[in-house]
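Dear colleague,

I am handing over a structure for you to look at, and my notes on its cavities follow below.

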Amino acid sequence: MSTDAISAPGADTPADDYLAKRTLRSGSAGWVLLAGLGVSYVISGDYSGWNFGLAEGGFGGLLIAAIVIAAMYLAMVLGMAELSSALPAAGGGYTFARRALGPWGGFATGTAVLIEYAIAPAAIATFIGAYVESLNLFGITDGWWVYLAVYTVFIGVHLAGAGEALKAMFVITAIALVGLVVFAIAALGKFDVTNLTNIAPDPEATGSSSFLPFGYLGIWAAIPFAIWFFLAVEGVPLAAEEASEPEKNVPKGIIVAMLLLIVTGAVVLFLVTGALGAQDAAGSGNPLVEALGDSPAAKAVNYIGLAGLVASFFSIVYAYSRQTFALSRAGYLPTSLSVTNSRKAPVLALIVPGVIGFALSLTGEGAMLLNMAVFGAAVSYVLMMVSHIVLRVREPNMPRPYRTPGGIATTSFALVIAAASVAATFLVDPKAALFTLGVFCAFMAYFGFYSRKHLVAKSPDEEFAALAKAEQELE
């Protein structure tokens, strides 16, 4: 542990300069930038990854899964909008769960989110490699050098500071959205409704048909890939400490981002599958490009698609650094991880998960890494929705500038679907899901044996919890 972390070994009161060395730049983003951040987290999911769900459920299975998952995410985002307005801190879901479920629940949520955000860029790096190879630039092929380049360049940009990083991300995301418009216009002329259902039905699958070639079970198996349409939009609250008026701008930003992502997800699901065919799209590393064939539009979408993948990679690096920063600042992880540089960027919180992610990217298994990231995400969704319900029941008078429409009923729906999503990751790739569960348990063991005895009392998340405890004692 860093010597400046606390006043004495095992104590929970930090030295005077502890938090001064662990501050982020406030007021860097309004709701437009935050909405852009939410879209950028996810936009790569439109360009690659979701299509592997066609191999699990066919078009019908993936479509039904996507509708259910979109409803879950919308309900979850409405719940998180309330939580982020009440508890604006860089910990996001961890902050919410810390207040509702105590240190164990807070760390469990933060760990699940961190697993999601550390692994997702590794999956995206493999998709970037596929897009780079298809461009045939200077003979560059998909490989470790591509993954190393993207990690090095974009972690370096983040080290320059949050304001600069968010603005650069916003521009890249805008370009990626233009690419989806270009794709949609070009793909309409190639759309053939028979392509949607050209996977032969499995006669041994219960309920199989041309619409559901792998039967009813295929719907469940397609869920992790449907999640890829929206994975990481819940990261918007991680920017709360760097936003202006976070109690207003964070809820608005995350809701606008979610609504836009529903539209873009529907567009690519129908047009890619209808233009390329479900059979061919199911295993493609760059489905939007292949759907357009050999055409100028395909080349343009290939370049712009690369921008979309970069946007998500770039912004999820931001997300994992802020989650690591918040857990470290509060003492849940080694406190050295939360020290910021002169530009108020958390140096080791950017570098350490990046090294781990790069190592994972060397597997080259994008679909496997996607499933591992989804496991972490779904576990965190369960805990965050439980947190919303607990806080509504236990602290009904807590100030909430934004309140979730439907209240507990809305987040209870999201909770049920999220729990089913955790189970679905074991259905798709049980070895990868079990490995990720093992990592999660190792983090919890670290907390149980060590870090729970070394929490930092004056960190924002612990302050929120202490305030709540004091209020309850007064009542």
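Helices (H or I, at least four residues) and strands (E, at least two) are taken as DSSP runs, numbered from the N terminus. Residue numbers start from 1 along each chain as its sequence is written, side-chain values use heavy atoms, and hydrogens and water are left out. Please bear in mind that this is a predicted model, in which local features need pLDDT of at least 70, side-chain atom pairs count only at pLDDT 80 or more, and totals for chains, interfaces and linings use all residues.

The protein chain has an average pLDDT (the predictor's confidence in each residue, from 0 to 100) of 86, and 87% of the residues score at least 70. Over residues 1–11, however, the pLDDT is below 50, and this stretch has 26 contacts (heavy atoms within 4.5 Å) in the model beyond near neighbours in sequence.

The count of cavities of 30 Å³ or more comes to two, where a cavity is a set of points, on a 1 Å grid over the protein atoms alone, at which a 1.4 Å probe fits but cannot get out, and lining residues have an atom within 4 Å of a point. A volume is the space filled by probe spheres set on the points, which are joined across faces, edges and corners.

The largest cavity has a volume of about 40 Å³, and its lining includes Met80, Tyr117, Glu234 and Met384. Helix α4 (residues 93–135) gives the largest share of that lining, three residues.

The second largest cavity holds about 30 Å³ of space, and among the residues that line it are Tyr41, Ser44, Trp228 and Ile316. The elements giving two or more residues to this second lining are α1 (31–42) and α2 (44–47).

Best wishes

Methods. On a 1 Å grid over the protein atoms alone, a cavity is a set of points where a 1.4 Å probe fits but cannot get out, and a pocket is an open set with protein on both sides within 12 Å along at least five of seven lines; lining residues have an atom within 4 Å of a point.
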